[in-house]
Amino acid sequence: MRPMSPWTRTWPYLAASVGGFALAWVLIAAFVFPSGAPPADATVPNVMGLSFDVAGQRLRQAGFKVKRGEMRFQAATPKLSVIQMTPDQGSQAPLGTSVTLDLSAGPRMGDVPDVVGLAPPQADSVLTAAGFTLAPDTVRQASDQPLGLVIATSPQGGSSAPVPSAVTLIVSAGPATYLVPDVLGRTIIEARVLLEQAGLRLGDVTIMNTVSGGPPRDTSLGGGPGTVMAQSPASGTYLPAGARVTVSVTGGGTR
């Protein structure tokens with residue numbers, strides 16, 4: 001009897017192994033690909049700009065899976081809206097593929113620095129260092145603070161605002177001044193009204209009496225008792241808001 005060669009002894013094992021792999025493939029194909037064919041490709045729908053929930057619903061309806069990606073700051077896109085998708089919209093991918101959706105974290109927020117009391121160039125430097133920009137139009141407003149210093153900002157210092165965004169400076173224009181009106185020849189009541197309309201106030205009222213040695217009456221102004229014959233300061237000058245103007249009236253006038 002001839003001895004068995006190594007090949008004769010091993011081929012039954014090889015045949016069994018090949019047969020086992022073939023059977024396993026048949027079983028896998030039967031469960032994963034019942035039709036006997038791999039999954040078909042489909043077009044990835046466009047879900048850019050949609051909220052994550054709505055985008056996920058549309059992708060699942062189209063036969064895809066959904067995976068949440070990274071969050072990125074986007075000033076012009078609402079928070080949790082899709083800003084990027086992988087695979088990209090319109091591309092072909094096998095059904096069941098996971099589509100990764102990157103989402104907007106909304107605008108990045110920061111605290112507006114308090115620059116009140118600074119000169120505009122200094123305020124600009126502080127705002128720029130914090131990631132903000134200076135609005136092109138500076139607002140000038142009457143104030144008792146020194147001329148040219150920042151007295152407020154919009155948005156105000158300490159508040160939260162998108163970064164980057166513009167901050168408007170409100171700068172002191174110095175104390176407000178008002179033109180003194182001409183109240184000569186007016187009654188004391190009319191003078192009071194005119195001064196208040198001009199942002200000023202009626203001050204001391206002197207009754208003119210030529211009999212008791214008072215200043216002579218200017219007859220060119222006319223008017224009876226209570227008519228303004230002199231005022232100080234004179235009309236045409238400028239005074240701070242609420243300043244008083246003193247007047248002299250003909251005898252019989254009252255404050």
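Residues are numbered from 1 along each chain as its sequence is written, and side-chain values use heavy atoms, with hydrogens and water left out. Because the model is predicted, local features need pLDDT of at least 70 and side-chain atom pairs count only at pLDDT 80 or more, while totals for chains, interfaces and linings use all residues.

**Exercise 1. Describe the make-up of the chain: how many helices and strands does the protein chain have, and what percentage of its residues is buried?**

Begin with the elements, which are DSSP runs numbered from the N terminus (helices are H or I with at least four residues, strands are E with at least two). The protein chain has four helices and 16 strands. Turn next to burial, where buried means under 20% relative accessible area, exposed over 50% and partly exposed in between, with a 1.4 Å probe and protein chains only. Of the 255 residues in the protein chain, 26% are buried.

**Exercise 2. Work out the sheet that holds E2, E5 and E3: which strands stand at the edges?**

First, note that the three strands form an open sheet in the order E2-E5-E3, with mixed pairing; two strands pair if DSSP finds at least two bridges between them. Strand E2 (65-72) and strand E3 (82-86) stand at the edges, because each has a single partner strand, so one side of each is left without a neighbour in the sheet. Then look at E3 and strand E5 (residues 98-104), which run antiparallel and are joined by four bridges. Within this pairing, Met 85 has Leu 101 in E5 as its bridge partner.

**Exercise 3. Locate Thr 77: is Thr 77 buried or exposed, and which residues does it touch?**

Thr 77 belongs to the loop between E2 and E3. Its relative accessible area is 19%, so Thr 77 is buried. For the second part, contact means heavy atoms within 4.5 Å. Not counting residues up to four places away in sequence, Thr 77 touches Ile 83, Ser 104 and Gly 106.

**Exercise 4. Find the centre of the largest nonpolar core: which residues touch the most other members?**

A nonpolar core is a set of buried Ala, Val, Leu, Ile, Met, Phe, Trp, Tyr and Cys residues joined through side-chain atoms within 4.5 Å. The largest has 14 residues, of which Leu 200 and Val 247 touch the most other members. Helix H4 (188-197), strand E13 (201-208) and strand E16 (244-250) each supply at least two residues of this core. Apart from it lies another core, of 13 residues, including Val 44 and Met 85.
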